[in-house]
Amino acid sequence: MTSERYNARESEPRWQRQWDQKAIFASKNDDPRPKYYVLEMFPYPSGRIHIGHVRNYTLGDVLARFMRAKGFNVLHPMGWDAFGLPAENAAIERNVAPKAWTYDNIAAMKKQLQSIGLSLDWSREFATCDPSYYKHQQKMFLDFLRAGLAEREKRKINWDPVDMTVLANEQVIDGRGWRSGAVVEQREMNQWVFKITKYSQELLDALDGLDRWPDKVRLMQRNWIGRSEGLLVRFALDPATTPAGESELKIFTTRPDTLFGAKFMAIAADHPLAQAAAAKNPKLAEFIADVKRIGTAQEIIDTAEKQGFDTGIKAVHPFDPSWKVPVYVANFVLMEYGTGAIFGCPGHDQRDLDFVNKYNLGVTPVVCPEGQDPKTFVITDTAYDGDGRMINSRFLDGMTIEQAKEDVAKRLENEMRGNAPVGERQVNFRLRDWGISRQRYWGCPIPVIHCPKCDVVPVPDDQLPVVLPEDATFDKPGNALDHHPTWKHVTCPKCGAKAQRETDTMDTFVDSSWYFARFTDPWNEKAPTTPDVANRMMPVDQYIGGVEHAILHLLYSRFFTRAMKATGHIGMDEPFAGMFTQGMVVHETYQKADGAYVTPAEVKVEVIGGERRATMIYGDEEVSIQDIEDLTEAQ
């Protein structure tokens with residue numbers, strides 16, 4: 001007997017209809033069976049699914065079906081990470097409303113995902129651009145504000161001149177905006193921030209307990225948090241060389257053992273001492289202006305050519321009053337890190353060595369490798385950053401690095417200048433507070449009002465959500481909310497005076513930093529979560545997504561869960577018990593003459609005269625072959 005060939009077009013829809021009718025993939029919050037929460041990073045509604053979505057959701061689906069078969073109450077929901085610049089850019093390019101573009105794409109992608117037959121609980125579906133979702137996000141923002149976990153502060157920011165919005169350091173790739181590709185600029189603006197630094201040590205320590213996370217991801221987070229132990233040193237300044245009689249310059253160093261190798265001091269372009277010196281030196285002011293044209297991301301600083309400007313200011317060595325060290329403004333020092341000032345020891349730091357070689361400041365090695373003769377050990381083009389014994393360091397000579405660190409710390413702790421010691425042990429973190437202000441329309445409105453009498457006033461809880469206006473226009477550069485004729489004009493809820501809404505919206509990474517908690521009870525209209533349900537269904541037992549989100553999304557989510565716990569919305573610290581990064585499918589990309597990218601399916605590649613040539617399959621238009629990129633991003 002010959003078996004009939006399986007007819008997918010006929011069988012799949014029929015079975016999927018039965019699954020939907022019987023709601024066999026819907027989980028119940030009161031199910032007495034043990035729970036299992038499997039979640040893939042939810043997609044951005046771009047309009048069509050790609051191989052990254054299929055790969056990501058198939059992995060989760062296999063696990064969800066397996067655990068369901070084992071008798072677990074499986075929570076396997078789906079939603080949409082729906083705010084963001086692509087929708088706003090589409091509105092500008094196509095003359096359509098961001099909301100219409102987004103919901104049309106959601107409908108199209110939902111139909112595509114459903115056709116695959118994934119075992120998803122669609123009853124819990126939401127989009128982050130739904131007011132019913134971001135109402136609760138606004139409520140949590142106000143809770144965080146009251147708890148001291150959200151603040152408004154003036155800070156240096158990365159400005160994308162094309163998208164005309166602030167970018168987090170993590171959103172600057174090779175010195176360019178992650179969406180627009182434009183070279184970022186450095187500006188100073190009032191920004192709303194989440195105080196993630198309050199959890200720096202806790203976020204670091206807790207990584208040891210995430211034993212079902214990839215080691216690579218945990219290492220990336222450790223490096224980003226960047227804990228360092230060192231010494232705060234107060235260098236005296238020669239008052240005869242300072243612009244306004246300044247007396248000292250504070251630096252933080254992890255290598256106080258190398259103080260006798262110091263050849264220069266370097267301060268950030270926006271350090272108060274640099275600004276004071278620039279006020280009397282037009283050439284320095286011009287140099288500082290050039291430095292500020294690059295962004296604040298560490299990646300930009302690391303890759304830029306190292307440049308400095310000698311201010312003429314001299315710092316006094318803490319162990320020798322006759323030893324004067326020149327103070328430079330340098331483009332590789334940021335005010336946001338440490339004290340915005342460093343001392344340069346070129347013998348044992350490659351960046352410092354490159355700098356002194358450029359400006360002919362000389363090199364004195366102070367750490368000699370074991371087995372080397374200190375008298376003949378020299379450093380020219382390659383810094384030595386290994387272990388060894390101290391040399392050329394007076395009373396430290398012959399000590400190990402650790403012994404020298406301890407000796408320097410004790411000496412400077414016991415030496416007083418005024419009412420404070422010259423040296424003080426400190427712990428610093430690389431992690432900075434999360435700037436969430438974005439000067440764009442298509443995002444969650446920040447629920448505060450600016451009153452000329454009362455300053456910043458939270459929107460009352462009973463007036464949430466603050467809903468985006470649907471009649472925004474995009475015929476001017478910048479923020480459509482700021483240009484709207486009526487939306488931002490309100491009365492102060494505190495004093496009744498004329499006031500204005502905050503026109504910045506939240507970084508879209510806020511939307512994705514708590515959606516996993518909302519999935520546990522998306523029907524609760526009164527609060528972001530139902531704590532009893534969230535505490536029973538969470539943490540996510542298995543989270544699946546790309547390693548490209550190891551820092552931004554995963555770190556922000558870990559902070560947000562702690563902040564939600566502190567404000568009573570949830571009872572745990574960690575959102576994801578297990579993390580699986582599914583890897584990437586990569587392919588070279590293709591770009592038309594007008595800059596538009598086309599898919600590999602639209603292109604034919606031939607070798608002509610020994611060179612590869614790419615053209616459109618239809619029309620024979622030539623396209624340029626670009627870099628190999630990830631095709632599997634699911635967010």
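Is R394 buried, partly exposed or exposed? R394 is partly exposed, at a relative accessible area of 47%, where buried means under 20%, exposed over 50% and partly exposed in between (1.4 Å probe, protein chains only). The model is predicted, so local features need pLDDT of at least 70 and side-chain atom pairs count only at pLDDT 80 or more, while totals for chains, interfaces and linings use all residues. Residues are numbered from 1 along each chain as its sequence is written, and side-chain values use heavy atoms, with hydrogens and water left out.

**Whole chain.** The chain has 17 helices and 32 strands; helices (H or I, at least four residues) and strands (E, at least two) are DSSP runs, numbered from the N terminus. Of the 635 residues, 52% count as buried.

**Positive phi.** Select R394 again, in the loop between β15 (389-390) and α12 (401-414). R394 has a positive phi of about 55° although it is not a glycine. Next, select D455 in strand β22. D455 also is not a glycine, yet its phi is positive, about 70°; with 53% relative accessibility, D455 counts as exposed. Most residues other than glycine have a negative phi, and most peptide bonds are trans.

**Cis peptide bonds.** Move to L464 and P465: the peptide bond from L464 to P465 is cis, with omega near 5°. P465 is placed in the loop between β22 (455-458) and α13 (480-483). Then select M538 and P539, where the bond from M538 to P539 is cis, again with omega near 5°. P539 belongs to the loop between α16 (531-537) and β26 (542-545).

**Open sheet.** Show β4, β3, β7 and β19, which form an open sheet in the order β4-β3-β7-β19 with antiparallel pairing; two strands pair if DSSP finds at least two bridges between them. The edge strands, β4 (165-167) and β19 (434-435), each pair on one side only. Three bridges join β3 (residues 150-160) to β4, and N158 has L167 in β4 as its bridge partner.

**Hairpin.** Finish at β30 (residues 603-608) and β31 (residues 611-616), antiparallel strands joined by six bridges. K604 stands opposite T615 in β31. Two residues lie between the strands of this hairpin, and G609 in the turn has a positive phi of about 60°.
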